[in-house]
Structure formats: C-alpha cells, structure tokens
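Please look through the sequence and the structure shown here. The paragraphs after them go through the salt bridges and then the chain as a whole.

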Amino acid sequence: MHIHQSEPEPRIVSQEQWLAARRKYLEKEKELMRLQDELARQRRALPWVKVDKEYTFQGPHGKETLSQLFDGRSQLIIQHFMFGPGWPEGCVGCSFKADHVDSANQHLMHHDVSFVSVSRATLPEIEAFKKRMGWKFKWVSSYENDFNFDFHVSFPKHGTNDKVYYNYKMVPFESEELPGTSVFYKDEQGTVYHTYSSYGRGDESLVGAYAYLDMTPLGRNENGPNKDLTDWVRHHDKYEAMPVQNSCCH
C-alpha cells in the first residue's frame with residue numbers, strides 16, 4: 001500500500017538556533033505534561049457509579065459475569081471493540097488499538113489491572129478473528145446481554161437522519177457499533193463500580209504508534225479523504241510487503 005506523503009517544508013538553521021528553538025518548545029512540552037498529570041489526578045477523583053445490573057458474557061472458558069472478568073484483581077479495563085454479529089472482521093481502528101494491548105498487558109496484570117475486550121459478535125466469530133490477528137488478550141462476547149447498549153457503544157439500527165447518545169451527547173447515527181474504553185473497580189466486598197469511560201478520539205492516547213508518528217516530521221500524515229486513520233491504517237495482516245531498504249547496518 002502506497003501512502004502519499006507531502007514533502008515537509010523545513011526551516012534550515014544553525015545548530016545554535018535549533019537548540020534555542022528546541023529549548024523553547026521543551027517548556028511547552030513540560031507544561032503539557034504537567035497538565036496531563038493534573039488531568040490524570042482529576043480523573044482518579046471522579047465519582048463512581050455502582051453497577052447494579054448483572055451482566056453475563058460468553059468467554060473462552062464458558063459464561064462469566066462482569067465481576068468474574070476482574071480475574072482476582074481490583075481494577076478492570078474494558079475495550080469496547082467494534083465487532084458486530086455477522087461482521088466479517090473487527091473494526092480497523094479498534095484493531096489498530098488492540099495491536100498495542102498484549103505488550104502492555106503483561107505489565108498491567110502484575111499491577112492489579114485486568115484487561116478484557118468486549119464485542120457483540122458471537123464468541124466463534126471473535127475467536128476466529130482473534131486467532132487470525134494473533135492476539136492473546138482476553139476477549140468475550142456480549143451478544144446475549146445489554147452491556148454494549150448500556151454503555152452507549154452499540155445501537156439499534158437507525159436511519160441516517162436519526163441521532164444516538166454517544167460520547168456524552170446526542171450525535172448523528174453512524175454505525176450500530178462504536179468504539180470506547182470503560183474502567184471498573186471492585187472492592188473487597190465484591191461490589192463493582194463504573195469509574196470512567198472514554199469514547200472517540202479520547203482513546204488515542206492508548207495507541208502507541210501515534211506517539212511515535214507525532215514525533216516525526218510528517219506526523220500522522222492523515223491527508224486522505226477521511227482525514228483520519230482510515231486513510232492509511234489496515235489490519236496488520238493486510239499491509240503490502242514493505243520494500244527492502246538499503247542500510248549500512250547488517
């Protein structure tokens with residue numbers, strides 16, 4: 001797959017001028033980091049909502065409740081993975097994010113955090129796609145419960161002029177499935193609380209590839225018709241073979 005890249009327009013300066021500009025920009029980076037730390041503190045201070053409804057999911061080892069998905073830990077992160085019943089494959093964007101999970105998960109599980117993906121696709125559909133993509137994280141089906149609907153990532157089929165509640169406001173209907181991430185806490189008495197949910201671009205911080213791209217001269221280079229990741233991201237088994245690059249290192 002060829003990705004169109006526009007040539008950057010650099011301002012060529014001396015080493016001293018570059019260093020002065022870089023130090024000035026560093027102050028902005030530090031300011032942003034302080035703001036991010038403060039936002040994280042405020043996120044942890046948000047109120048919680050007790051989850052009174054019982055949800056039962058179909059997983060690789062049979063039926064499991066939301067409480068059982070914690071797997072002995074007190075914190076649970078759920079990826080609302082766009083993959084509806086009958087779909088031939090999962091969403092490209094959700095797959096892009098999922099490609100980053102397994103490496104992080106080997107550390108999360110040792111820090112009192114469980115990670116699970118949830119989709120409305122049936123378990124056989126999920127298992128087949130998961131095997132194709134080579135992922136190891138836990139993935140369960142909510143096909144037989146209202147979990148996706150209650151957390152506002154799945155919607156009954158609507159007309160194009162209808163609106164649905166997504167990302168904390170009414171928006172035009174785009175799809176029966178949309179992405180998001182939800183976080184839960186379970187106390188020592190076994191009570192489960194919903195502590196946080198993020199939708200849309202709020203999940204971009206979980207995509208490590210973007211952090212790398214944002215450091216490069218061309219950035220994300222999402223300059224196609226959609227102006228987003230769908231202009232270039234593919235399921236990782238669908239990229240064309242990359243040409244061999246000449247290198248001085250062997």
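**Salt bridges and the overall chain**

The count of salt bridges comes to 15, taking a side-chain nitrogen of Lys or Arg within 4 Å of a carboxyl oxygen of Asp or Glu as the rule. The model in which they are counted is a predicted one.

One of these pairs is Glu64 with Lys138, whose closest N and O atoms are 2.7 Å apart. Are the two partners buried or exposed? Glu64 has a relative accessibility of 11% and counts as buried, because buried means under 20%. Lys138, with a relative accessible area of 22%, is partly exposed.

Arg220 takes part in a salt bridge with Glu204, and here the closest N and O atoms are 2.8 Å apart. Arg220 is found in the segment after helix 6, while Glu204 sits in the loop between strand 10 (192-199) and helix 6, so the pair ties together parts that are 16 residues apart in sequence. Arg220 also forms a salt bridge with Asp214, with 2.9 Å between the closest N and O atoms.

Glu89, Arg132, Asp237 and Lys238 are linked in a network of them.

Helix 6 itself covers residues 208-213, and Ala211 lies in it. Ala211 is partly exposed, its relative accessible area being 46%. Between Ala211 and Lys28 there are 183 residues in sequence and 17 Å in space, taken from C-alpha to C-alpha.

The chain as a whole can now be described. Its secondary structure consists of six helices and ten strands. Along the principal axes, the C-alpha atoms fill a box of roughly 65 × 50 × 40 Å. Of the 250 residues in the chain, 34% are buried. Where contacts join residues at least 6 apart in sequence, 60% of them join residues at least 24 apart.

How values were computed:
Residues numbered from 1 in each chain as written. Predicted model: local features only at pLDDT ≥ 70, side-chain atom pairs only at ≥ 80, totals over all residues. Heavy atoms only, no water. Helix = DSSP H or I, 4+ residues; strand = E, 2+ residues; numbered from the N terminus. Buried < 20%, exposed > 50% of the residue type's maximum accessible area, 1.4 Å probe, protein only. Contact = heavy atoms within 4.5 Å.
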